[in-house]
Each structure stands twice: as C-alpha cells, then as structure tokens.
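I opened a new structure today and kept notes as I went.

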Amino acid sequence: MGSGYSSPSISQSSCTCLASSPFQSQESQSNSLNFCSATRFLEPHLRKSSKINIPKSPFSVISPLKCAKVNKMQTQVEDSVKPIVDPHDIDPKLLQKLAYDALVWCSLRGLVVGDRNSERSGTVPGVDMVHAPVALLPMSFPEIHWKQACEVAPIFNELVDRVSQDGEFLQQSLSRTKKVDPFTSRLLEIHSKMLKINKIEEIRLGLHRSDYMLDEQTKLLLQIELNTISSSFSGLSPLVSELHRSLLQQYREDIALDANRIPKNNSVNQFAEALALAWNEYGDPRAVIMFVVQAEERNMYDQHWLSASLRERYPTLNDSSYNTHQVTTIRKTLGEIDALGELQQDGTLVVDGQAVAVIYFRAGYAPSDYHSESEWRARLLMEQSCAVKCPSISYHLAGTKKIQQELAKPNVLERFLENKDDIAKLRKCFAGLWSLDESDTVKDAIEKPELYVMKPQREGGGNNIYGEDVKKALLKLQKEGTGSDAAYILMQRIFPKISCSILMREGIPHKEQTISELGVYGSYLRNKNEVLINQQAGYLMRTKVSSSNEGGVAAGFAVLDSIYLV
C-alpha cells in the first residue's frame, strides 16, 4: 500500500449545529462507515415519538419539474465530494422550512422506522413510528465513479455465483478461520453437509450490495465489502432519493440545483422483481415467499416496502412469463421455522402449513441471531429444502471477509472469470487486503496501525478494529500464538473527503462534518444454465459524522442519504 494515508485534521468548529446535537463527537475516522445492522443503525436515543400513518399507495412518483439553473456545480473529480450546497450559506429560516417540509414528507410517504423507546415498535406495525434519520440534502458524487460502480455490479453478481459453485475453494479458504471462529465453523458445517449429499441449487437468487468509499488521496473508488446476505435499505433508500428531489423542486428558487441530477433509484421494485421471478421459476403457485426476520425489528418498514411492492406489482400475474397467481409473503423467525417447519419427502419446505418457494434472509447473518440449537436446526432445514434461498449457504460464505481477501490475491479472479476486461474492472476497485499470516504486512500494521483496519468474519458492523487498537490486537495475537489471527483480515484504511452536511434526527437539523459510503445493489437470478436477471439494482447512500467510531454508529450517528451527480 502506498504511503501518505493519514487522517486529516478537522476543526470541529467549522460546522456548527442548530441545536444541541445528538451526533456525539468521538475520536476516530473509519475507512468504512461500518453501519451496523439495520436495527442498531436506526436506533437513536429519541426523546419523543411521532405516530405516523403510512399512505395506502407505497409507490408515489414525483413528477419532475424544471429547475433553476445550478449556480455552482463541481465538475472536477478532485473537487467532487465538496458539498453542493454549503450549509453555512443557507438562511436559518429557509433551513427550518426545509426541515419542516422534509418531516412532513417522511411522515406521509412512509420514510419511517420504529422508535427504540417503545417496546412494541419492533414487533407491532404502526406503533410508535418516527422519521428515519436522513440527510436534508443529497451528497455530491462524481458521475464517473457512479457509472463505474454501476458497471461492475453485474460482474460482482456473476463472480459471487461462480465462487458459490466452487465448494473446494470455499472450504479451503476458510479452513483456518473455522478453527478459531465458531460461527464460521457452523456455517461451514452446513455447507459441508450439502456437499456430501451433492445438494444442487438449480435456481440461484442473489440480492447483493457492494459498498464503496471514494479515497481522497488517490481519487479511486475502493470497495469496502460485498454483502450477500440481508442487504438492507432497498425499501427506504428510494424514498430518500424522492425526498431530495421533492425538496430541490419545491425550493428551486432558493437552492438552484437540478433535481434530475439525483439518479433514479428503483431498488425496492428491482428486488421485488427478482423475488417474484424466482417464485415463478420455482413453479408452485400455492407456495409463498418467506422473509426470515428477527423477533424484534425496528427497521421492519424497509422490509414491508418490499412486501408491498410484491403485492402491488404482482397481485395477479397474468403475463405469459408468470403464473396467474398472487405472490404472497410471510414473516417468520428462525425459532418459528424450527417449531413450525417440516421437510416433505420431495424436498418441499412447509412452514405453518404453507409451502415455501423462496426464502429471503433478513436475519441469520450474525451469531446473535442464533440463540440456541433451534435456530441452527432451522438454518439446516431450509438449506436441505428445494426452496430458492436468498442467499444459499454457499452464497453466504462467498460474501465473507476472508473470501473477499482471497479473491484480491493475484491470479485468483482468473479462477472464476475469463474476461480480462471484467477482471481489470474489479481489481481497479479492490482496496488492499491481507491475511494475518503475511508477516511483512502485519509488521507494517503494528508500526503504522493508523493505515489499516482489522476485520473479523462478521456482518452488521460494530466489529472492526482501528488505530492503536490494531497494534494492540496484533501484538496480543502474536503473544498468544493460538492461531486466532485466522479469524481476522487486514484492510487498507481509506480516507474519504470530509464534507459539511445537514443531518436530520429527532426532527432537528444539525450541521455536521461528515463522510459518506455508497452502496450499489445488484440482483441476480439463474435457473440452471440460464441467467434470467443480472443487473445493477439501485443504490444506498449513507452519511455519518466524520469523527464518530463504530460505537457512535451503533448509537445512531449515521443517516440515509442520496447522491447528486457532478
């Protein structure tokens, strides 16, 4: 890794808050926003809840209006992540009007989450909803890098599919990790059982999200991680784009920005399309799509938007490519699947009396989702079935940090991809990734820990190690000599440009120094040798205060955002 990767010094006084800010300042700047699981990310310490009625029609489309000419728009890549609007230039009265209208919009259009202060908000829909934490205006992003991220999405989709079919590669790559990581070991155990019975997934569905940051020094778009399980916010992220377009159109005389520079975001409908087509390929019109969920989920509305899209877009499928039956969804926890599920002789999974065509995981990605052997039995039961899994156990393993690191090694991509141009496009967005058995890299990380991030094999955020803690952790692992280093990888730390943004939480706008992370969704569906869907499927922009560490994100420092192409 090249030299010069250091954290820029920041004057916290350069951005001021309009009220006592809940975005607490902490010492650390991460190369990944490491937004925690959707539940944790969307659990700020709220003082007051807002009870909101979601409108009947979930897909409101805002008609584009002619906007005033943009006064200032950065066009050079080196300046591209500067704010398109300086919060300091916005009149306080105008800011309050923007904030008020944004809150009304969120309330009317269903851009909401459950209030963590309410015990029932994570279990009973419609109880104690609050607006989702959002940026008041979109974040500028260079169009050239936006196009790059969209272009590689189908290539990553294909890569995941091919890696998932190489059981030997998955088992061998994770062989050291499973000895020291019980969670990865249990996943590999299920995978090994499927290999032994020669379980073939003829219909393979992937709903992925590849996360990136734009490195300030190199001006490169670098991948943070590739998520293959529970890629959240496909339901809420299109609403944020619509919110920002609406505000730019409504206030076009005051904020001269072109609302059409916010890319169209149709992630919820594209995910629904992939689920519906997978359901159709399964071939049983009586079967359902089952969402595997956590018992308490305050981000349930992100998931319900996907169910709503399936109901509204495919109420009765009369098209020749679909069966003429309604797509029905159900929600079950792992514990409920264990208690109510059974496997019929032909491989059909039946849960609570209903045959299951597609299993969509919004839980099961972290050890905390497996409270007992009951949850593991459910995971094995689903894997043994002939239902379409999103993801299958092999897709899940293909998205682990260790596999990401293995794929970054020289000549490994060539094992799975033939097209040299595609390989070059993927490599261009790889950040530095190393195993902890590479002694020279470990030595460098101990000497310069600020240039690295230490990552365990975990999803959902809140697990990475930064700064001096990297040095302490590496020295401790060396001293113990137990092989526990196999549970981690080292990653180049990325330092994105810091911008000043207006973040909305608890109904109050706050001016903050921020960094952002772009996630690009991908949908992939294959039936045997036929690829039915392979496309970029919308995006997710997330912004957080630049000075917060992972604990700060877990406490609610990050917000949903959209991008403004420059």
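**Entry 1: the whole protein**

I am reading a predicted model here. Next I looked up burial. Of the 566 residues, 61% are buried. The accessible surface comes to about 22,500 Å². Carbon and sulfur atoms hold 46% of that surface. Then I checked contacts between residues at least 6 apart in sequence. Among these, 79% join residues at least 24 apart.

**Entry 2: helix α2**

I picked α2, which runs over residues 92-109. The helix has 18 residues and spans 26 Å from its first C-alpha to its last. That is close to the 26 Å expected at 1.5 Å a residue.

Which residues of α2 are buried? I found L94, L95, L98, A99, A102, W105 and C106. They cover an arc of only 135° around the axis, so they sit on the same side of α2. I then asked what covers them. The cover includes the strands β1 (112-114), β2 (129-131), β17 (499-505) and β18 (508-527), along with α7 (237-250).

I turned to the face of α2 directed away from the buried side. Exposed residues K93, Y100 and L108 are carried there. V104 has a relative accessible area of 35%, which makes V104 partly exposed.

**Entry 3: salt bridges**

I searched the whole structure and got 30 salt bridges.

R176 pairs with D485, with the closest N and O atoms 3.2 Å apart. R176 is in helix α5 (residues 175-180), while D485 is in the loop between α16 (468-480) and β16 (488-492). The pair therefore ties together parts that are 309 residues apart in sequence. R176 is partly exposed, at 37% relative accessibility.

E189 and R186 form a salt bridge at 3.8 Å, N to O. Both are in helix α6 (residues 182-196), three residues apart, so about one helical turn separates them. E189 is partly exposed at 38%, and R186 is partly exposed at 24%.

D284 and R286 meet at 3.3 Å, N to O. R286 is exposed, at 71%.

Salt bridges with shared partners join E158, D161, R162, R204, E418 and R526.

Note on methods: Residues are numbered from 1 along each chain as its sequence is written. This is a predicted model: local features need pLDDT of at least 70, side-chain atom pairs count only at pLDDT 80 or more; totals for chains, interfaces and linings use all residues. Side-chain values use heavy atoms; hydrogens and water are left out. Helices (H or I, at least four residues) and strands (E, at least two) are DSSP runs, numbered from the N terminus. Buried means under 20% relative accessible area, exposed over 50%, partly exposed in between (1.4 Å probe, protein chains only). The expected span of a helix is 1.5 Å times one less than its number of residues. The arc is that of the directions from the helix axis to the C-beta atoms. Contact means heavy atoms within 4.5 Å. Accessible areas come from the Shrake-Rupley method with a 1.4 Å probe; for residues, only the protein chains shown count as cover. A salt bridge is a side-chain nitrogen of Lys or Arg within 4 Å of a carboxyl oxygen of Asp or Glu.
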